[in-house]
Amino acid sequence: MGREEFERRLAALVGQEVSGFTPLAGGRNNQLFSFTAGGERLVAKHYHCHPEDRRDRLGTEFRALAWLRNQGCTNLPRPVVCDAEAGLAVYEFVEGQRPTAATIGERERNDLVAFLLRLRDLAGHPEACRFGPASDAVLSPAAAVRQIDRRRQRLAKAAESAPELAAFLEQHFEPARQRIVDWAAQRSGACRVSWDTPLEPADRTLSPSDYGFHNALLRPDATLCYLDFEYFGWDDPAKMIADFLLHPGLNLPVGVRAGFFAEMTSRWPKPASVASRTRIVYPLLGLCWCLIILNEYSEEGARRRAFAEGRPTTDASPRPGLLLRAGAFLNELLGNYREYPFG
């Protein structure tokens, strides 16, 4: 969609003239723009679409934000209007700065914990059942292994024309996968955590899925606003906790992550069970994150990043340094998967 066509559709969508059209940085999969309509500053989000990805990311995010706002969650952007056919949605503009590892402390951690506990409470709302599973939900350790193998398979084609990727996957990733999966299976048995039985619905929670301080803004009043709910849905709280601890978007201090783990598990029903499952799926999900770092080697991953950055899709080669990042991530995981590092 060209610039003129985009602005025309946006004006028709909001029913007013638009001005001050400015690209925003930060989107990894989608294009973000700020603009003004009717004296209000707003954000337009243009969602990347691909025929092989059938997830309704726009619909999921718009419905989730609308429902959560109706339940009193004001620490989220207000959804305004959307056009599913155009892959376009409009949200309120939130003034704020992206937190950094240096600006995140106990107050910010407690804010995030309080928000996730609110989602846990809302899981009991009669209307919550209308949401489906979170994207890439993991309801058992075996489901995490299946996700690892699906992601590994997606990279198989790319590895055929990228010998450095093929060498990394064969010489480093595969041996690590075997060691960690074997350990997780043994640990699951020792802790009496079912390897392949999905978690009971009553023990699941509503999860933003891709969440954390990398998807938040610190507002001028020092409160946090949480963004990006396109993967929202039901999941195991253990998976939700582990994803926060693993996400490579911010190199958070160990103390912040350990405090998060302690707060989340101690304030959740059946805390010992949640803690045990988190320790087991943590290294399995770490393997998933290692492969996510390499997403741009796949044709779709590279095109999605090019789309988000406004580059031509013909310039969709992977960024340099991905293998170094993935290798460092994998080495850290191999160093701590037996001795869980956060308590």
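How many of the five residues of strand β5 (residues 88–92) are buried? Four of them are, so β5 is largely enclosed by the rest of the structure; buried here means under 20% relative accessible area, exposed over 50%, and partly exposed in between, with a 1.4 Å probe and protein chains only. The model is predicted: local features need pLDDT of at least 70, side-chain atom pairs count only at pLDDT 80 or more, and totals for chains, interfaces and linings use all residues. Residues are numbered from 1 along each chain as its sequence is written, and side-chain values use heavy atoms, with hydrogens and water left out. Helices (H or I, at least four residues) and strands (E, at least two) are DSSP runs, numbered from the N terminus.

**Strand β5 and its partners**

- Strand β3 (residues 40–46) runs antiparallel to β5 and is joined to it by five bridges; two strands pair if DSSP finds at least two bridges between them.

- Helix α7 (residues 237–246) is largely enclosed by the rest of the structure, because 10 of its 10 residues are buried.
- D236 caps the N-terminal end of α7, with a side-chain oxygen 2.9 Å from the backbone nitrogen of A238.
- Such a polar contact is a pair of N or O atoms within 3.5 Å; within protein, one must be able to donate a hydrogen and the other to accept it, and residues adjacent in sequence count only if both atoms are side-chain atoms.

- T205 lies in strand β6 (residues 205–207) and counts as buried because its relative accessibility is 0%.
- Leaving aside neighbours within four places in sequence, T205 is in contact with L119, R120, A123, G233, W234, D235, P237, M240 and W268.
- N215 is placed in the loop between β6 and β7 (216–218), and its 6% relative accessibility makes it buried.
- A polar atom of the N215 side chain lies 3.1 Å from the backbone oxygen of D210.
- Not counting residues up to four places away in sequence, N215 touches R98, D210, C225, Y226, L227 and D228.

**Nonpolar cores**

- The largest nonpolar core has 87 residues, and F260 and L294 have the most contacts inside it; such a core is a set of buried Ala, Val, Leu, Ile, Met, Phe, Trp, Tyr and Cys residues joined through side-chain atoms within 4.5 Å.
- Helix α9 supplies the largest share of this core, 13 residues.
- Apart from this core lies another, of 14 residues, among them F6, L10, F35 and A86.
- Beyond residues up to four places away in sequence, F260 touches R109, L112, V113, L116, Y211, I241, F244 and L245.

**Positive phi outside glycine**

- R192, which is not a glycine, has a positive phi of about 55°; R192 lies in the loop between α6 (163–190) and β6 and is exposed, with a relative accessible area of 80%.
- A222 has a positive phi near 75°; A222 sits in the loop between β7 and β8 (224–226) and is partly exposed at 30% relative accessibility.

Technical notes
Contact = heavy atoms within 4.5 Å.
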